[in-house]
Amino acid sequence: MIRRVLPHGMGRGLLTRRPGTRRGGFSLDWDGKVSEIKKKIKSILPGRSCDLLQDTSHLPPEHSDVVIVGGGVLGLSVAYWLKKLESRRGAIRVLVVERDHTYSQASTGLSVGGICQQFSLPENIQLSLFSASFLRNINEYLAVVDAPPLDLRFNPSGYLLLASEKDAAAMESNVKVQRQEGAKVSLMSPDQLRNKFPWINTEGVALASYGFVSSSQRMLTTDDKAVVLKRIHEVHVKMDRSLEYQPVECAIVINAAGAWSAQIAALAGVGEGPPGTLQGTKLPVEPRKRYVYVWHCPQGPGLETPLVADTSGAYFRREGLGSNYLGGRSPTEEEPDPANLEVDHDFFQDKVWPHLALRVPAFETLKVQSAWAGYYDYNTFDQNGVVGPHPLVVNMYFATGFSGHGLQQAPGIGRAVAEMVLKGRFQTIDLSPFLFTRFYLGEKIQENNII
């Protein structure tokens, strides 16, 4: 079973028992007897307030095989695949813990929502290809018997990446890798670009890439120094609007806490050691705030417009059918304060709109309608995800640090983590380059196409 715990309206409580058949065929319905038992106790003790049998339906269970910290798309994907791949139905108890029960600040709901295949790393390309297949065939995975088919309104309009003269050779090299991995990507010259998308200004564009979403042990480190392995025995779940914590004993902890995953890792002792050692290697993930703006432009590009990533780093895509668009740009200078999700509207005026208007002249007359901010779980080491177990905290597994492409890769990441937990290795896509140990070894896996 999957237990998903939110701070409000949590799962069934610790005192809840299934009806048990006793000798002679007598069946005890514990849920139905609670109020009756309370009344009897109160009648025995007149004049006294008695609440010996408290309602604990808001509490998580005392025991769970796997606790997933973070109920966003990555955490839920891990939960889904653990249950999908378990050896028999009900073999694994899974608890998902999420602190933001409204999801108002969750990166999942605040993302732009694109799926790009045009990465430079084979692993990232394979993850996105699987995500596209998963979404296209969603009812093969998530359909419910006797319920209407799921309609995600998945609109695979593709990605259009633009390169200047200095980046054209790298784009050609990347496209070769993408095609080898099975992605449907074409290279376009400025003339071909203008013919297909008459609304675009190709000034400064040398080449374009157009893609369709087809208990303690000991070990030795490399410096021969002994280290002690750690294990998490329980997770304390804090109740909403309360000082109360509920301890949950568990065998495995999945750290899918996104922008806050480094804080969760630190609670488990990750990074508590001398600098330069494996024990002292921290999880290099931090929150980075990104703005998304929505604007209206009746003369803007038509319905077949892909998500366009400009040479400047600005990007946009259509939003719905009403001549609305959304987009933004990552800051190139000072990072905005991540302490809140307030939007800097001057950033659009000064840093985004000039590039949009240059690339699409129709955007000269756009009208901004709304805006929001969200968090990247930004990996400061190499901007790629962290997947799999920690080498010292042996029962903590990671699914974090995707620096803006976690949503689009969630189906494959969840499957990979579940494979590692259940089988001890990656089976479908080898994500060994994404293991935590690369931070200690200094082995960056550089992805060139991060928007």
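G300 is buried, because its relative accessible area of 18% falls under the 20% limit. The model is a predicted one. G300 sits in the loop that links β13 (285-296) to β14 (307-309). Setting aside neighbours within four places in sequence, G300 contacts Y325, A362 and F363. Its C-alpha atom is separated by 8.4 Å from that of N324, a residue 24 places away along the chain.

S261 belongs to helix α8 (residues 261-267). S261 is also buried, with a relative accessible area of 0%. Beyond the neighbours within four places in sequence, the contacts of S261 are N255, L283, V285 and T400.

The table sets the two residues side by side.

| Residue | Location | Relative accessible area |
|---|---|---|
| G300 | loop between β13 and β14 | 18% |
| S261 | helix α8 | 0% |

**Overall content**

The protein has 451 residues, of which 47% count as buried. Its secondary structure consists of 11 helices and 19 strands.

**The eight-stranded sheet**

Eight strands form an open sheet with mixed pairing, in the order β7-β8-β6-β14-β15-β16-β13-β17. The edges are held by β7 and β17 (367-379); each has a single partner strand, so one side of each has no neighbour in the sheet. On average, neighbouring strands of this sheet are turned by 20 degrees against each other, direction ignored. β7 and β8 run antiparallel and are joined by five bridges. K184 stands opposite F212 in β8.

Helix α6 packs on the sheet, where it touches β6, β7 and β8, and its direction makes about 155 degrees with that of β7. Another helix, α9 (residues 345-359), lies across β6, β13, β15 (315-318), β16 (324-328) and β17. The angle between α9 and β13 is about 60 degrees.

**Helix α6**

How far apart are the end C-alpha atoms of α6? They are 19 Å apart, which agrees with the 18 Å that the 13 residues of this helix (residues 168-180) should span at 1.5 Å a residue. The buried residues of α6 are A168, M171, N174, V175, V177 and Q178. An α-helix has 3.6 residues a turn, so residues three or four places apart point the same way. The buried residues of α6 pack against α4 (122-136), β6 (159-163), β7 (184-188) and β8 (207-212). After α6 comes G182, which has a positive phi near 100 degrees.

**Nonpolar cores**

The largest nonpolar core contains 35 residues, and those touching the most other members are I68, I254, V387, I413 and L431. At least two residues of this core come from each of β4 (63-69), α2 (73-85), β5 (94-97), α4, β12 (245-255), β19 (396-400) and α10 (406-423). Helix α10 supplies the largest share, seven residues.

With neighbours within four places in sequence left out, I68 is in contact with G75, V78, A79, L82, V94, L95, V96, V97, I254 and A256. A separate core of 26 residues lies apart from the largest one, and W199, V205, A314 and A373 are among its members.

Conventions:
Residues numbered from 1 in each chain as written. Predicted model: local features only at pLDDT ≥ 70, side-chain atom pairs only at ≥ 80, totals over all residues. Heavy atoms only, no water. Helix = DSSP H or I, 4+ residues; strand = E, 2+ residues; numbered from the N terminus. Buried < 20%, exposed > 50% of the residue type's maximum accessible area, 1.4 Å probe, protein only. Expected span 1.5 Å × (residues − 1). Contact = heavy atoms within 4.5 Å. Pairing = 2+ DSSP bridges. Axes fitted to C-alpha atoms, helices over the stretch in contact; angles between N-to-C directions. Core = buried A, V, L, I, M, F, W, Y, C linked by side-chain atoms within 4.5 Å.
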